[in-house]
Amino acid sequence: MTAPRDAAPLTVFDRFERSLRDLRISVTDRCNFRCPYCMPREAFGPDFQFLPREEILSFEEITRIARVFASLGVRKLRLTGGEPLLRNDLPKLVEMLASIDGIDLALTTNASLLASQARALARAGLKRVTVSLDSLDDEVFRAMNDVDVPVARVLEGIAAAERAGLAPVKINAVVRRGVNDHTLVDLARHFKGSGHIVRFIEFMDVGTTNGWRLDEVVAASALIERIDAELPLVPLDPNYDGEVARRWAYADGEGEIGLITSVTEPFCATCTRARISADGRLYTCLFAVEGVELRDRMRAGASDDELAATMRAVWEQREDRYSELRSEATSDLPRVEMSYIGG
Ligand code: SAM
Ligand code: SF4
Ligand code: SF4
């Protein structure tokens with residue numbers, strides 16, 4: 001017997017037959033770190049104009065956007081930024097989003113403020129966190145956050161997440177040749193057997209201020225060779241279609257790692273992600289130039305059906321595949337910053 005038609009999950013496809021399944025929402029464009037690959041302090045200094053409060057989406061507006069996206073087939077929701085834990089009262093937002101049916105809710109954070117917030121976030125209904133941690137070498141890490149936050153603070157955040165039941169934690173490390181790549185086998189070794197999953201991310205040309213150069217990218221395949229030489233690995237199948245990270249298991253059964261190969265092996269063909277900036281613009285690619293404004297439509301009284309129609313029309317027009325076209329020349333093209341669009 002076939003299911004009644006209205007019981008089938010709705011799917012909206014773009015021009016390359018990619019469905020709309022994931023939504024990343026930036027809850028603030030501010031951050032307490034100045035990672036040079038994302039918010040270099042020369043560009044994000046004391047005079048930088050962050051969005052004024054009234055331009056930022058309210059919790060009600062974020063929840064409404066998320067609910068309408070869920071009605072169009074979105075199943076995964078990620079809160080990001082900037083640094084999401086800087087947003088006041090974040091557990092309240094988590095509680096509101098956790099009440100949406102059928103949504104898998106997680107948060108990406110630099111974890112500098114996680115130790116004091118993990119329990120409240122978990123109580124509010126958060127299921128998992130991804131923590132960015134680029135090195136366990138304190139000197140390297142302080143240089144990579146450029147605000148002198150020690151590794152110990154992030155490790156306390158991870159421990160608090162674990163105690164609060166937000167586990168397994170995914171740990172994201174951006175790899176930069178000559179900056180932290182010599183410390184990454186140690187990072188893998190530290191979390192091996194812990195249940196947490198380290199994911200190594202190829203350095204990307206997001207935004208226009210991070211001075212990206214192709215020769216600073218360490219190919220994931222080269223990194224795998226280095227890790228495998230000390231901690232033998234075997235390839236794993238993806239958990240699901242469109243999974244961003246390539247998975248490798250430790251041959252001794254002590255867990256797995258992931259590689260996000262955005263530069264050397266782009267995965268645009270299976271990219272099902274939309275993004276909402278902190279001021280309510282909809283972007284269909286991390287490397288987009290323009291977003292479609294949703295906040296003012298809501299504030300002018302648009303109905304849920306009208307919002308859904310806009311979102312659907314934007315997705316149906318989508319043809320983004322930036323990473324498949326990337327070159328040093330394309331990295332000079334205009335685009336929005338990652339801290340604004342939500343990493
Ligand atoms: N502040 C939070 C954090 O760092 O986890 C959330 C926002 S941050 C923009 C999201 C993710 O983007 C982080 O894991 C960060 O490492 C990654 N990221 C930022 N700039 C990047 C770049 N140039 N290349 C690759 N990943 C980058
Ligand atoms: Fe902040 Fe995250 Fe960007 Fe680092 S990667 S500057 S922590 S938003
Ligand atoms: Fe998706 Fe754009 Fe990244 Fe390709 S470049 S994977 S389309 S966000």
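Modeller: Let us begin with residue classes: Ala, Val, Leu, Ile, Met, Phe, Trp, Tyr, Cys and Pro count as nonpolar, Asp, Glu, Lys and Arg as charged, and the others, Gly among them, as polar. The model under discussion is a predicted one.

Biologist: How do the residues of the shell around ligand 3 divide by class?

Modeller: Seven are nonpolar, one is polar and three are charged. The shell itself consists of F267, C268, C271, R275, C285, L286, F287, R318, D320, Y322 and S323.

Biologist: Which residues are around ligand 2, and how do they divide by class?

Modeller: Around ligand 2 one finds C31, F33, C35, Y37, C38, M39, G82 and N110. Six of the residues in this shell are nonpolar and two are polar, with no charged residue.

Biologist: Let us return to D320, which belongs to the shell around ligand 3. Where in the chain does D320 lie?

Modeller: D320 is found in the loop that joins α9 (304-317) to α10 (322-325).

Biologist: Why does D320 count as partly exposed?

Modeller: Buried means under 20% relative accessible area, and exposed means over 50%. D320 has a relative accessibility of 22%, so it counts as partly exposed.

Biologist: Which residues does D320 touch, leaving aside those up to four places away in sequence?

Modeller: With those set aside, D320 touches R18, T284 and C285. Of these, C285 is also among the residues around ligand 3. As for L286, its C-alpha lies 9.3 Å from that of D320, while the two residues are 34 apart in sequence.

Biologist: What can be said of the protein chain as a whole?

Modeller: The protein chain contains 11 helices and 12 strands. Its C-alpha trace spans about 60 × 55 × 45 Å along the principal axes. A compact globule of 343 residues would have a radius of gyration near 20 Å, and the protein chain agrees with this because its own value is 20 Å.

Biologist: What percentage of the residues in the protein chain is buried?

Modeller: Buried residues account for 53% of the 343.

Note on methods. Residues numbered from 1 in each chain as written. Chains lettered and ligands numbered in written order. Predicted model: local features only at pLDDT ≥ 70, side-chain atom pairs only at ≥ 80, totals over all residues. Heavy atoms only, no water. Near = heavy atom within 4 Å. Helix = DSSP H or I, 4+ residues; strand = E, 2+ residues; numbered from the N terminus. Rg over C-alpha atoms; globule rule 2.2 N^0.38 Å. Buried < 20%, exposed > 50% of the residue type's maximum accessible area, 1.4 Å probe, protein only. Contact = heavy atoms within 4.5 Å.
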